[in-house]
Amino acid sequence: MTKPVVLIAEELSPATIEALGPDFDVRVVDGTDRPALLEAVHSASAILVRSATQVDAEVLAAAPNLKVIARAGVGLDNVDIKAATTAGVMVVNAPTSNIISAAELTCGHILSLARHIPAAHAALAEGKWKRSAYTGTELFEKTIGIIGLGRIGALIAERMKAFGTKVVAYDPYVTSARAQQLGVQLLSLNELIETSDFITIHMPKTPETTGMIGTAQLKAMKPTAYVINVARGGLIDEDALYEALTNNVIAGAGLDVFVSEPPTGSPLLGLPNVITTPHLGASTDEAQEKAGISVAKSVRLALSGELVPDAVNVAGGVIDPYVRPAIPLVEKLGQVFSGLAHTSPLTSVDVEVRGEITQFDTSVLKLAALKGIFTNVVSESVSYVNAPLLAEQRGIEVRTLSEEESPEYRTVLTIRGALSDGTQISVSGTLAGIKQVEKIVEINGYEVDVPIDDHLIVMQYIDRPGIVAVYGKEFGDAKINIAGMQIARQNLGGKALSVLTVDSPVPASLLEKVRKAIDADVMLEVDITE
């Protein structure tokens, strides 16, 4: 019997090969040699890469037998997930492989900034004994501010507390009970920025978080404070950071990630109060080995038709074909749900499944819902295996409810939740017609019928004449094209809910302008991540 071909396109640890086992024809190619890659991938059932190999539509077109792309690491910038999904190819990564390495590097940046270690070493290496020039500061009794209290943030909190620091955090999706377990005080973002001596950011990169530390935030920091980014390039506005550092607005910065990598020509590289590293968050022997072993196991599962916990686009394997189309739907509903939940931490989530689909095993839909909820909330990659853990870490109670009766739709999926302020939120969806079109059919009790698109805007306001004209003009003036719109209300003269699909992302400043113009009590944009 011919063995499936597993193509290794970049150097991986020997443990990766061992974890694959003897059941595959393992071949090696230089993934940066494009012609060689396109030739070698033709017979491959799986390809294992790190960060240098670009797996795009051209590679997928050259690989008719490909079933799985495995990224031995966390980031997936070099893999075209949408093209892979369209081609029916599973994409897997190793979401937990580098969390310890990233947390330790962050701590290293904090220590290096506090004691000027890189600059002092460089001076001494040049034969200069400049003790007085590198007087530092103790971490003891300083305040460490962590923006994003996910798994990496929690590890940093644990480690920095050992130095006798006070640890505070901002994370709108973490409950006070979870923060208390970690010995961390939750603050608003503004309070954290104003009171922290060291600020480290660990958020996902989304339209909302890009540039979240900008001119205003840097000016609000203590002049003796430092800021560290080992998460994603662009979370800190690099132009604003340069201005703040050159004008002594803050004391310094530690950067491992940049908007453009390598950051050739960046003026930040020449500043004496900046410590830089070349994206080393996952660059440890341990992290690389963990990543390789993890994806090797995922490849084995995928090629044997089993459920793959670390799949980022499809669940794969032993899921009934009737259930499969519901997986991307409920993930997208989860993203809308997390947008609705932005006002207060979640305390509970119910995933409700109704209709014909309940004849099958739908347990994967809970995992998919949680994956969607956390996709744009945490800095680390979210998968079917770590999504429940993320909920548990945040003290969120999760239940699955099933009901055969569904009077209006053959199948309807609902994500319902409670926030810590007592607010109840919900979003429901269905798969319509022969083409299984993904639709939202309910938001917070309002009945709608809206196909899910890349960019959704949800608004709630007092129903009165002229509102559509107001926001229509604002979006039109900003060249934002409205592709679809539906308005729902529960009673005359009460509150109305508008759901728009638009052709492009909407700037936060425009959303705020529209919110004020129509006096909306809910105004949010959801950019659906495939």
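## Basis of the model

In this predicted model, local features need pLDDT of at least 70 and side-chain atom pairs count only at pLDDT 80 or more, while totals for chains, interfaces and linings use all residues. Residues are numbered from 1 along each chain as its sequence is written, and side-chain values use heavy atoms, with hydrogens and water left out.

Valine 349 belongs to strand β13, residues 346-355, where strands (E, at least two residues) and helices (H or I, at least four) are DSSP runs numbered from the N terminus. With a relative accessible area of 1%, valine 349 is buried; buried means under 20% relative accessible area, exposed over 50%, and partly exposed in between, using a 1.4 Å probe and protein chains only.

Leaving aside residues up to four places away in sequence, valine 349 touches several residues, including Phe337, Ile373 and Arg416, a contact being heavy atoms within 4.5 Å.

## Salt bridges

The count comes to 20 salt bridges, each being a side-chain nitrogen of Lys or Arg within 4 Å of a carboxyl oxygen of Asp or Glu. In one of them, arginine 416 pairs with glutamate 352, the closest N and O atoms being 2.8 Å apart. Arginine 416 lies in strand β15 (residues 411-419) and glutamate 352 in strand β13, so the pair ties together parts that are 64 residues apart in sequence. Glutamate 352 is buried at 5% relative accessible area, whereas arginine 416 is partly exposed at 32%.

Elsewhere, Arg34, Asp56 and Glu58 are joined in a network of salt bridges.
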